[in-house]
Amino acid sequence: MSKYLSLSLKEIHELLVNHTITPVDLVQEAMDNIEENKDLNAFITLNKEDALKRAEELSKKEVGESLLFGIPIAVKDNICTKGLRTTCASKMLENFVPVYDAFVVTKLIDAGMIIIGKTNMDEFAMGSTSKTSYFGAPKNPWDKTRIAGGSSGGSAASVASSIVPLALGSDTGGSIRQPASYTGLVGMKPTYGRVSRYGLVAFASSLDAIGPFSRNVYDNAVLLNTLVGYDERDLTSSNRTPEDFTRLIGKDIRGMKIGVPNYFQSDIVAPEILERLENVKQILRQAGAIVSNVDVRHLEKAVMLYQIIAMGEASSNLARFDGVRYGFHVEDAKSADDLYKRTRQLGFGAEVKRRIMVGSYILSGENASIYYTKALKIRKDMKKSFEEVFEQYDLLIGPTTTTTAYRLDENTTDPSQTFLDDVLVIPVNMAGLPGANIPMGLSSNRMPIGLHIIGNSFEEAKIYQLASFLEKELAFDFNPKGGE
Amino acid sequence: MDYQTTVGIEIHCELKTQSKMFSPSLNSYTDIANTNIHEIDFAYPGVLPTINKKGVELALKAAMLFHCEINKTMFFDRKNYFYPDLPKGYQITQSRTPIGINGYIEIETKEGPKKIRIHDIHIEEDTAKSIHHHEKTLLDFNRCGVPLIEIVSEADIHTREEAILYVEKLREILFYADISDCKIEEGSMRCDVNVSVSNTETLGVRTETKNVGSITHVGDVVEVEAKRQIEILETGNKIYEETRRFDEAKQETVLMRRKETGNDYRYFPDGDIPPLVLTDEFIENVRKTLPVLADDRRKVYREHGISEGNIEKIIANKKISDYLLELGNIDLKIASNLLLGDIQAYLNKENKNLEDTKFTKEKLITVVSLLSTGKMNHKNFKDMLENLFTTDESPEKLLEKLSASNITDEALVSMIQKILGENPESVKDYQEGRDRALKFLMGQVMKETKGCVDARRANEILQQELKNTRS
């Protein structure tokens, strides 16, 4: 049973400082938790020996002031870890061991964290269910017959089940916030450029972002503090002076102006989710915040934009998996063309191939200007519209998802349908804004319902301020009982 | 209407940078295979490109020297295709916003000067090198990511002569600006020659002959490819868009592959590289580093009366040319004669570089001024040559020594007689047997001759003269 890892970072830290426990105890517990929760299928690769060795080393050191010291963390399997298999949940990289650490991994290690394993996900982060994983779908700790969401489903499942207190995910079109919503977690997609992408296996370069999962707001901000910073190896990384993302936590929200996009309250969203949203609006008004409905242009087009931009970029980003230098390749290729065709035919799953094909089509010849260039224009205008709204509002809120987590065996025959679930989260990627999910209640069938908080660029601290206020007000029970 | 040949040339040049265009590994692909590589060159999952500032600087220099309009805001694009030497599955290039557009190069044809327009010049990265070996293909990634500029001419070239002059001029400019070492044979400069023929107003279908191995062969390709195409058309057949190569031995072009219609590179902006904005300050700083080009140098040399033969020798040796530029306003004809003649010969003999000897620029300037004012002749220079290279003594000092050593016996005798006349005390001391006096008198002789006289000869004459004064 979980003992320490279900506590908050501050609580664990105190125990470490008091020498009540050591990092070795934490790693041991995490490993036990993984064993107990094997059926969740949250992990693809465990880092058992290495994690224990590192915990032993850390146990000999001063605990220091960092709340992250000695803390086990799970890392999504599309973030490169030197010497530790990184598969992107694909047959293509089933045996791929990176030769370098991603920027964020170096940051975790420098902070004294211990990587416990690599989490399950949709293949190459392409999906909203984690069902496209070559290693089978992870399950939702709240109800194991249901999805944990995607693409960072394994990271969400590992934190929601208290296997670890923290995990890293990546978010190209909602892949942190949607699983966080489905599993009742705090999940932050930071501003584009806030966290270096170096070492994140690229899906859609102009949308990809790495961010933290946690069970409470404060811990999330603490982990983000460590992930950020300028990285000269990522030209899109922002060169801002460091800030403390916890600094506004606990500050009064009186007078805060909060907008709620009309589209986010339309009938695309399940009634019981809209009910929870109304409840939140009421709480905010009572606390002296100003809540009003707003309009942001093109929100309804977000999914279409995503299909064009993300798939176009993906078709190019995944071209490197050709069987020549690393990863899976067919053994009996008769020519270079034969090597490419059959390696990619057998190495990629159906969804990945579908997206590569759509993306290639979109960029092909005339189509590039018909689709891609046009999508970029609309995207720009959407971003501008967000900026205009943020001139008058501090934050925007809405539901994170249109429904709660659906059943694992629920099969959609129309692949384009699955994207519609992400209609509320994708606009944030399109505009490069920061957005977070926090739980705002449970549905009638006891599944978590998530609130989406969107900030202006680089205003993560303000998101955490509102998130922590609501966390306290809603007094949400983070503990999934699991539904057998 | 006669057949008119129309030629456009695309030239890839590797830039002389320390590191690669988008990765930190060394730009030195002649090293042992696969030693100058990085996770970025290998297109490992998760890697991202960075931009080599020096590469941008050199490309900008080239764009300025070819009189291009500069794109101050540049995007980088991806050109997508599959090939084993292209690890990312795309090449980073500039398709929408090349660094320079609408430039030209002026060539000197027999009919007079002609401008060959340059469509654009853009930055891109080289591919890995495929080495075919026993039916296998080996890949050397040292070259992968090496910075390139591609210079695309307009179809303004019509003859063998123009093609050769264009490539020669372009090469000379890039070489003089230290942008590329332009070694065609080693592949640091590669020429693709597009040729079409037509006997109507509309251009014919063109073929592209890739990777032509020398400047002369560029001319050959223009000739033989035009001839081949005319023959095909004359026999009522059709020209296809093709990629061909040049067989040097057979002096003919050979089909490599027929271009499929709609070759689809799926160009789109590279999201990993934000738009690069060249500030006016950056551009001006690069402008300040523009070199004096060969043609401008030729003008200066002609003004100094240097022979045409020597001018081309100097232009061909950029080191000497640069050196001459740094000498300032002196007689460059004399300077170039020395540099190309005795100095070069000495250096060749000793297998040394000028900068490794003691023959400094200051010394050369002095020598030239001594020669040009007639204070010294060429024989003097030859006599002091060794000392100029090996000692710290100034040319003036060496010249004095030389003239002193040239002193005749008669002159020495009369000088010594004069010294003895001026020092009767010492003469007396000597005669009274004090050896000290001889040393003193000898010192006077050396002082008078500035130490440049053979001491034994002087000593003999001194003793002889002392004897003479006694009798």
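Predicted model: local features only at pLDDT ≥ 70, side-chain atom pairs only at ≥ 80, totals over all residues.

User: OK, on to the interface. How many residues of chain A and chain B are in contact?

Analyst: Chain A brings 39 residues and chain B brings 33. Together they bury about 2,800 Å², with 60% of that from carbon and sulfur atoms.

User: Which three residues of chain A supply more of its buried area than any other three?

Analyst: Leu235(A), Arg320(A) and Arg325(A), which supply 24% of what chain A buries against chain B.

User: And what about salt bridges between chain A and chain B, how many?

Analyst: The count is 1. Arg197(A) pairs with Asp272(B), and their closest N and O atoms are 3.1 Å apart. There are also 19 residue pairs in polar contact across the interface.

User: Which element gives the most to the chain A side?

Analyst: α9(A), with 5 residues. By type, that side of chain A has 20 nonpolar, 10 polar and 9 charged residues.

User: Switching topic: is Ser426(B) buried or exposed?

Analyst: Ser426(B) counts as buried, because its relative accessibility is 12%, and the cut-off for buried is under 20%.

User: What does Ser426(B) touch?

Analyst: Leaving aside residues up to four places away in sequence, Ser426(B) touches Ala437(B), Phe440(B) and Leu441(B). Ser426(B) itself sits in helix α13 of chain B, residues 424-431.

How values were computed: Residues numbered from 1 in each chain as written. Chains lettered and ligands numbered in written order. Heavy atoms only, no water. Helix = DSSP H or I, 4+ residues; strand = E, 2+ residues; numbered from the N terminus. Buried < 20%, exposed > 50% of the residue type's maximum accessible area, 1.4 Å probe, protein only. Contact = heavy atoms within 4.5 Å. Buried area = accessible area lost by both parts, 1.4 Å probe. Salt bridge = Lys/Arg side-chain N within 4 Å of Asp/Glu carboxyl O. Polar contact = N/O pair within 3.5 Å; in protein donor to acceptor, adjacent residues only side chain to side chain. Nonpolar A, V, L, I, M, F, W, Y, C, P; charged D, E, K, R; others polar.
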